[in-house]
Amino acid sequence: MEAVGNGAQSDVMADTPGPDTAQLVAAAERALAPVIADLERACDIPASIWIATESGYPTIWVSNGRSSGYAGTPMDENPEVAKAEMADYVQGQLMDQDIERFWPSCLEHGRGLHAEVREGAAVWFCRGGEHAVAAIGHLGQDEPAG
Ligand SMILES: [Zn+2]
């Protein structure tokens, strides 16, 4: 008869959604908020966006009012990069759902804008004119009138 262990209990931690998930969701919400603000201010697509956590980490879902789909999973810890990432996810999913409505676009050049990080800040960038149109979260706020 061998002595088995020393009475230690198996200390496998319960696989609960820990603070990591909550933190990831909070970071995703922060990154997503400016994108939602841009949509509400400067887009006529009745889009809704939500964060699902079934898998234990946040995934972004987008609906254009008629159909919905998975847009992406936040990857980057840098808040500005994450913001651009979210904008890209949302834009990509909206385009998947309706290819004819490109959002957002540059009024000056008639080109679609791309979410990019320029000089450390997340912006909507016009590749047609090589200029940043607005910071993500401020689309339609600080463009010159007319
Ligand atoms: Zn432009």
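My notes below go from the overall fold to the sheet and then the core.

**Ground rules.** I am working with a predicted model, where local features need pLDDT of at least 70, side-chain atom pairs count only at pLDDT 80 or more, and totals for chains, interfaces and linings use all residues. I number residues from 1 along each chain as its sequence is written.

**Fold.** I found two helices and seven strands; these are DSSP runs numbered from the N terminus, with helices (H or I) of at least four residues and strands (E) of at least two. Along the sequence I read α-β-β-β-α-β-β-β-β.

I looked up an open sheet of four strands, ordered 4-5-6-7 with antiparallel pairing. Strands count as paired if DSSP finds at least two bridges between them. Strand 4 (105–106) and strand 7 (131–135) are the edges, each pairing on one side only. I then checked strand 6 and strand 7, which pair over four bridges. W124 has A134 in strand 7 as its bridge partner.

**Core.** Which residues touch the most other members of the largest nonpolar core? I noted I60, M86, A87, V90, W124 and I136, out of 28 residues. Such a core is a set of buried Ala, Val, Leu, Ile, Met, Phe, Trp, Tyr and Cys residues joined through C-beta atoms within 7 Å. Buried means 20 or more other C-beta atoms within 10 Å of a residue's own, with C-beta atoms placed from the backbone. Helix 2 gives the largest share of this core, seven residues. Of the protein's 146 residues, 25% count as buried.

Methods: A residue is buried if 20 or more other C-beta atoms lie within 10 Å of its own, exposed if 12 or fewer, and partly exposed in between; C-beta atoms are placed from the backbone.
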